[in-house]
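Visitor: I would like a close look at one helix in this model. Please take that part step by step, then show me what else is worth a stop.

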Amino acid sequence: MADYHIGLDFGTSQTKVCLLNKNSDVREFIKFDDGNYFLPSLIVKKADNTFSYGNEDENGIKYRYFKMAAAEDEELIQITNEDLHGNLENGTIDDFRKYSTDYQTKPEILVVLYLTYTYLFIKQQKSTQNTQKVGGLLGRLAGNNATTQNTFSINLGIPTEWNNPSHIKRKIKFQSLLIAAIELANQFDSLDLYLKAKDTELLTQ
């Protein structure tokens, strides 16, 4: 059994993950499906109402910049001189802040869905089961085998400036979104089942 600590750098446009094996003190970066160390911070809602994550080639409604959209509140918008619709003082729209063309799904929900996918992907890569011989009465009851699984803990990086006391609500919000993502991930036995889940099921969860 290995005890892994996940260091998650959830970026506005891409995400990367560093894994620490706390037993061996070995660190490694996670490669995603295309062999890339960076996963685009992108969700695509497909025609069958399931989601894909980080795949630029997937057809469907594409959600981008949901991290920044989830971080926004009236206080932050005032700081950045934008109104609630992303309008700048000079009247132009900043496309960087526009997270999709479909606003039916709240950015906080998108953050939870994306972090859930990332967490389940990591667990799939590293959740190997080890079968060990066990002696005595316990061994006979278990058929002389015991199965252990790798364990995981996780840290989510936040922008340095969010450590400023004026940003404490934003910091707590993203910690809460991470907790929600872990709770959602615990409702699924595998990444494959999560990817097959329809939008209504996920939103209900």
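**A helix and its faces**

Guide: The buried residues of α5 are Arg170, Phe174, Leu177, Leu178, Ala181, Ile182, Leu184 and Ala185. Viewed along the axis of α5, these buried residues fall within an arc of 165°, so they line one face of the helix. Behind such a pattern is a simple rule: an α-helix has 3.6 residues a turn, so residues three or four places apart point the same way. On the other side of α5, Lys169 and Ile179 are exposed. Keep in mind that this is a predicted model.

Now the helix as a whole. α5 covers residues 168-185, 18 residues in total. From first C-alpha to last, α5 reaches 26 Å. That is close to the 26 Å expected at 1.5 Å a residue.

β1 takes in residues 3-10. Its covered face holds Tyr4, Ile6, Leu8 and Phe10. Its uncovered face holds Asp3, His5, Gly7 and Asp9. β1 pairs with β10 (residues 151-156) in the parallel sense, over 6 bridges. There, Ile6 of the covered face stands opposite Ile154 in β10. β1 also pairs with β2 (residues 14-21), this time antiparallel, through 7 bridges. In that pairing, Gly7 of the uncovered face stands opposite Cys18 in β2. β1 and β2 form a hairpin, with 3 residues between them.

Then the empty space. Rolling a probe the size of a water molecule over the atoms shows where empty space is left. The second largest pocket holds about 290 Å³. It is lined by 17 residues, and the closest to its centre are Asp33, Tyr53, Gly54, Asn55 and Tyr117. Two strands, β4 (39-40) and β6 (51-53), each supply at least two residues of this lining. The largest share, 3 residues, comes from β6. By class, the lining has 8 nonpolar, 5 polar and 4 charged residues.

One last stop, at a single residue. Asp192 is found in helix α6, residues 191-196. Asp192 has a relative accessible area of 41%. Exposed would need over 50%, and buried under 20%, so Asp192 counts as partly exposed. Along the chain, Asp192 and Leu120 are 72 residues apart.

Conventions: Residues are numbered from 1 along each chain as its sequence is written. This is a predicted model: local features need pLDDT of at least 70, side-chain atom pairs count only at pLDDT 80 or more; totals for chains, interfaces and linings use all residues. Side-chain values use heavy atoms; hydrogens and water are left out. Helices (H or I, at least four residues) and strands (E, at least two) are DSSP runs, numbered from the N terminus. The expected span of a helix is 1.5 Å times one less than its number of residues. Buried means under 20% relative accessible area, exposed over 50%, partly exposed in between (1.4 Å probe, protein chains only). The arc is that of the directions from the helix axis to the C-beta atoms. On a 1 Å grid over the protein atoms alone, a cavity is a set of points where a 1.4 Å probe fits but cannot get out, and a pocket is an open set with protein on both sides within 12 Å along at least five of seven lines; lining residues have an atom within 4 Å of a point. Grid points are joined across faces, edges and corners, and a volume is the space filled by probe spheres set on the points. Ala, Val, Leu, Ile, Met, Phe, Trp, Tyr, Cys and Pro count as nonpolar, Asp, Glu, Lys and Arg as charged, and the others, Gly among them, as polar. Two strands pair if DSSP finds at least two bridges between them.
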